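Please read it with the structure open.

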Amino acid sequence: MTNSGLAPADNWEKALEVLIPETERVSKLLGLADGQLHMQYIMEDGEPWIIEMMRRNIGNNWMTMLTDSTGVNWPEWVIRAEAGMDCRAIPRPRLADGFYGYHMMMSDRNGVFKGIEIAPEFEEYIYQFTQWEEPGYVIEDYLSAKLGNLAFHFKTEEEKVRYMPRINEYVKVICE
C-alpha cells in the first residue's frame, strides 16, 4: 500500500503556471484571505488537473518534508496565519537540493502487524523514521491504518527514478 509524496513534483514549473492563477481564482470566489489551501493534482498530457482542494493541513507529515525541502518553517507560518498574525515577512522558499519525500507505512491487508523491513540500500536516504504501532497490533482496516512514517531525501533524479516507483519493495510492512 502506498501513500507517498515527493517534492519538487515533476514538471512543477508548468504546474505553477496553471495552479497559482486557479488557486487565486478559487480563493477570491470563496473570500479566502488567510490560512492554508491544500491542493492535489495530476499531470495528464503535460497539463495539471486539480483533483482535490481543501482548507486543512493534511495528516501525512507533508509539512515536515516541505519545510526540509524549502527551508521555510511552514507549520509556524500556517499557525501565524490562522492566529491572524502578520505574515508579510514570510521567507522566500529556496529551491530544493534534490528531492524530499515522505512515505506512510501501510499494510496491503488486514492481520497482525509484525514489523517494518527496510532494504539496506534504501536506509541511507532516510533521515526521519517514526513507527506508531508495535508488533502485535491488529490491523482491522488496512486501507486507512497508518503504522508509521518516514522522511527521505534523494540527491539526484536517478535516485528518484530508481526508488519511487517501487518504494514498497524497499520499505515493507510485514503482516500475518
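Is Asp10 buried, partly exposed or exposed? Asp10 is partly exposed, at a relative accessible area of 48%. The points below start from this residue. Keep in mind that the model is predicted.

1. **Asp10 and Lys160.** The side chains of these two residues meet in a salt bridge, with N to O at 2.3 Å. Lys160 belongs to helix H5 (residues 157-163), while Asp10 sits in the loop between strand S1 (2-7) and helix H1 (12-30), so the pair ties together parts that are 150 residues apart in sequence. The partners differ in cover. Lys160 counts as buried because its relative accessibility is 7%, under the 20% cut-off. Asp10, at 48%, is partly exposed. Glu157 joins them: Asp10, Glu157 and Lys160 are linked in a network of salt bridges.

2. **Other salt bridges.** The whole structure holds nine salt bridges. One of them joins the side chains of Lys14 and Glu47, at 3.3 Å from N to O. This pair links distant parts of the chain, with Lys14 in helix H1 and Glu47 in strand S3 (residues 47-54), 33 residues apart. Lys14 is partly exposed at 30% relative accessibility. Glu47 is also partly exposed, at 33%. Another salt bridge is formed by Asp86 and Arg88, whose closest N and O atoms are 2.9 Å apart. Asp86 is partly exposed, with a relative accessible area of 40%. Arg88 is exposed, at 75%.

3. **The largest nonpolar core.** This core has 22 residues. Which of them touch the most other members? They are Phe122, Leu150, Phe152, Phe154 and Val171.

4. **Phe122 in detail.** Leaving out residues up to four places away in sequence, Phe122 touches Leu150, Phe152, Phe154, Tyr163, Ile167, Tyr170 and Val171. Leu150, Phe152, Phe154 and Val171 are, with Phe122, the core residues that touch the most other members.

5. **Phe129.** This residue lies in strand S6 (residues 126-131). Phe129 is partly exposed, at 39% relative accessibility. Beyond four places in sequence, Phe129 touches Met105, Ile116, Ile118, Asn149 and Leu150. How far apart in space are Phe129 and Met43? Their C-alpha atoms are 29 Å apart, and 86 residues separate them in sequence.

6. **A nonpolar surface patch.** Ile42, Trp49 and Ile51 form a nonpolar patch on the surface. Together they have about 330 Å² of accessible area. Ile42 is found in strand S2 (residues 38-44). Its relative accessible area is 38%, so Ile42 counts as partly exposed and passes the patch cut-off of over 30%.

7. **Cysteines.** How many disulfides does the structure hold? The count is zero. A disulfide is a covalent bond between the sulfur atoms of two cysteines. Cys87 is partly exposed, at 24% relative accessibility. Cys175 is buried, with a relative accessible area of 4%.

Definitions and conventions
Residues numbered from 1 in each chain as written. Predicted model: local features only at pLDDT ≥ 70, side-chain atom pairs only at ≥ 80, totals over all residues. Heavy atoms only, no water. Patch = residues over 30% accessible without salt bridge, like charges linked within 9 Å, V, L, I, M, F, W, Y side chains within 5 Å. Areas by Shrake-Rupley, 256 points an atom, 1.4 Å probe, with all protein chains shown as cover. Salt bridge = Lys/Arg side-chain N within 4 Å of Asp/Glu carboxyl O. Helix = DSSP H or I, 4+ residues; strand = E, 2+ residues; numbered from the N terminus. Buried < 20%, exposed > 50% of the residue type's maximum accessible area, 1.4 Å probe, protein only. Core = buried A, V, L, I, M, F, W, Y, C linked by side-chain atoms within 4.5 Å. Contact = heavy atoms within 4.5 Å. Disulfide = S-S within 2.5 Å.
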